[in-house]
Amino acid sequence: METLLNDFSPGLFAVSTILLLALIALMVKFAWKPILNSLEERESGIENALAAAENARKEMQNLQADNEKLVKEARAERDAMMKEARDIRDKMISEAKEDAKEVTAALIEKAQASIVQEKQAALAEIKKNVAELSIGIAESVIKKELSNKKDQLELVEDILKEVTLN
Amino acid sequence: MKVAQKTIKFLLIAAITLFTTVNFASESDKKQDNQNDGGRVNTKTEVEDYILHHIKDSHDFSLFSYTSNGERKHVGFPLPVILWTSEGLVTFMSSEFHHNDDGHVIVEKKGLKFAKVHSKIYELDKGVSSINFDEDHHPTNAHKVLDFSITKSVVGILLIGFLLLFWFSRLAKQYKTKQIPTGFARVLEPLVLYVRDEIARPNIGEKHYRKFTGYLLTVFFFIWVLNLAGLTPLGFNVTGQLAVTACLAIFTLIIYSVSGTKGYWMHMLWMPGVPVLIRPVLAIIELAGALLIKPFSLLVRLFANISAGHIVVMSLIAIMFTLKESLGVVGATGLSFVLSFFILLIEVLVAFLQAYIFTMLSALFIGMAVEDHAEAH
Amino acid sequence: MYNLIGAGLIVIGAGIGLGQIGGKAMEGIARQPEATGKIQTAMIIIAALLEGLAFGALFLGK
């Protein structure tokens, strides 16, 4: 302890105190303040840049999501439209088919009706013809063989036989 | 431009070297050596004296000395001696002591007589013409004076101070024009960041560290560069001067005492949560710890580490002379070289470590003083 | 003479203490390598405090 105190020089202590105070003041003023300020500025600048980059990335993501949504919507719309078109087409086809069926049915009916009519007309004509023919036959028979009753009956029976056949 | 600068630098250095050599060649002193080898340092006691002399501050800047024709010649330059004596301020150049360090050369100024003993300047009592010593080698008829001399340590402080100012103001200037410094400033930037982010910020806390970073940075670089300068052949031992380390420690003490919060002082003087009877005892212990032990450990640690480092390095270099008889010239020189080389490497590490520890502990003490106790407990 | 013995005792004590600090810190680092920085800082601080104590004692005895 004694050697320690003996080694201690109050003069040097005073001088170094003054010099150190001056050094600290000068260093703080001319070096540390500007250095630390610029370092902090730079750090905050880097932080801001990073944050901005992050924001931009997020925005990009949002945009992409938006785009995807739009595409999806468009696709859905297109699908819906196509479906509608298909439905309309199917409906039209089925309606056309129905119409055609109806028309053919009507045509067939009409044809059948006219066939029946024709048949009946033909039958009627045939009947008329048969009647005329029979009348003619009858006339001629009557003219020729009315004298013989038996023949007459035979004749009538023959004719009737023929007639009922039809 | 650059070539011109370099030439100027070279001329300047050459001029200084020439000046000091010429100056000292003429200044060699003839009388003081009572031994016949011309003052060579080659015995064990001489080596011991030489090392102990180096550890102390000195009043002149001597780089080395050599002997020619039995005369001791010193290379270096004298420094001004500034004394506050019983007659007021006295100044003269240290060359007037003629490198004498045992009180034989007496300098007379303003009717007062001065002698230098072991790097301390004594004012001789009235009517005394030569200095007397007691058995402990303390002067009996002289007393110490307040010595404000520009000693070697002061030169070291000034030199390193200007160097730091130059380096870091240049770094500061570089930030004005660019984001990333170039050249030597680029080496300094990470060091500044290291002190700020590894020492100041974690130990003081995010809220307060800005105020103290300037002090911590100054102290860190001051100690570190001076420690490193002490390892060069210039032979500074500034951080091994008790006065300088005491000054640094007292700065830290003042800073953490002044910026201490109310909670800090409350915890020290009237510890809550402790029986009332024990509180005064605790207060004494805590006060002694904060005001004496903390700064004392700071100042003694730095001083002792650096002084011990210098002593060890110089002792290992001195192996060259002290073991010459037993190992031979080559053996002693080789051993000395190998040992001192490795110890010097360790000393480079210690130079950084001591600066780091001093700054770190200062930051820790400041952090303890400024933290919010209400939150901490 | 006596203060040399005292200095030796101080150095023994400080050596044991430093060994404990360093050894435990190594163990801690080996166990949790990710906490290396924190452990080293704490280690250096405690070692520095111990060193201060030892130097104080050494110089009181000198």
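This is a predicted model: local features need pLDDT of at least 70, side-chain atom pairs count only at pLDDT 80 or more; totals for chains, interfaces and linings use all residues.

Reply: Residues are numbered from 1 along each chain as its sequence is written, and chains are lettered from A and ligands numbered from 1 in the order in which they are written.

The C-alpha trace of chain A spans about 195 × 35 × 5 Å along its principal axes. The radius of gyration of chain A is 64 Å, whereas a compact globule of 166 residues would have one near 15 Å (taken over C-alpha atoms; the globule rule is 2.2 Å times the number of residues to the power 0.38).

Chain B, the other partner, contains an open sheet of four strands, paired antiparallel in the order β5-β6-β7-β8 (two strands pair if DSSP finds at least two bridges between them). At the edges of this sheet stand β5 (102–109) and β8 (142–144) of chain B; each has a single partner strand, so one side of each is left without a neighbour in the sheet. From one strand to the next, the twist averages 35° (axes are lines fitted to C-alpha atoms, for helices over the stretch in contact, with angles from 0 to 180 degrees between N-to-C directions). The partner of β8(B) can be followed in detail: strand β7 (residues 120–124) of chain B runs antiparallel to β8(B) and is joined to it by three bridges. B:Glu123, for example, has B:His143 in β8(B) as its bridge partner.

The contact itself involves 35 residues of chain B and 28 residues of chain A (two residues are in contact if their C-beta atoms, placed from the backbone, lie within 7 Å). On the side of chain B that touches chain A, at least two residues each come from β9 (146–147), α3 (152–177), α4 (185–204), α5 (209–231) and α6 (242–258) of chain B. The most is given by α3(B), with 12 residues. By class, this side of chain B has 22 nonpolar, 10 polar and three charged residues (nonpolar: Ala, Val, Leu, Ile, Met, Phe, Trp, Tyr, Cys and Pro; charged: Asp, Glu, Lys and Arg; polar: the others, Gly among them).
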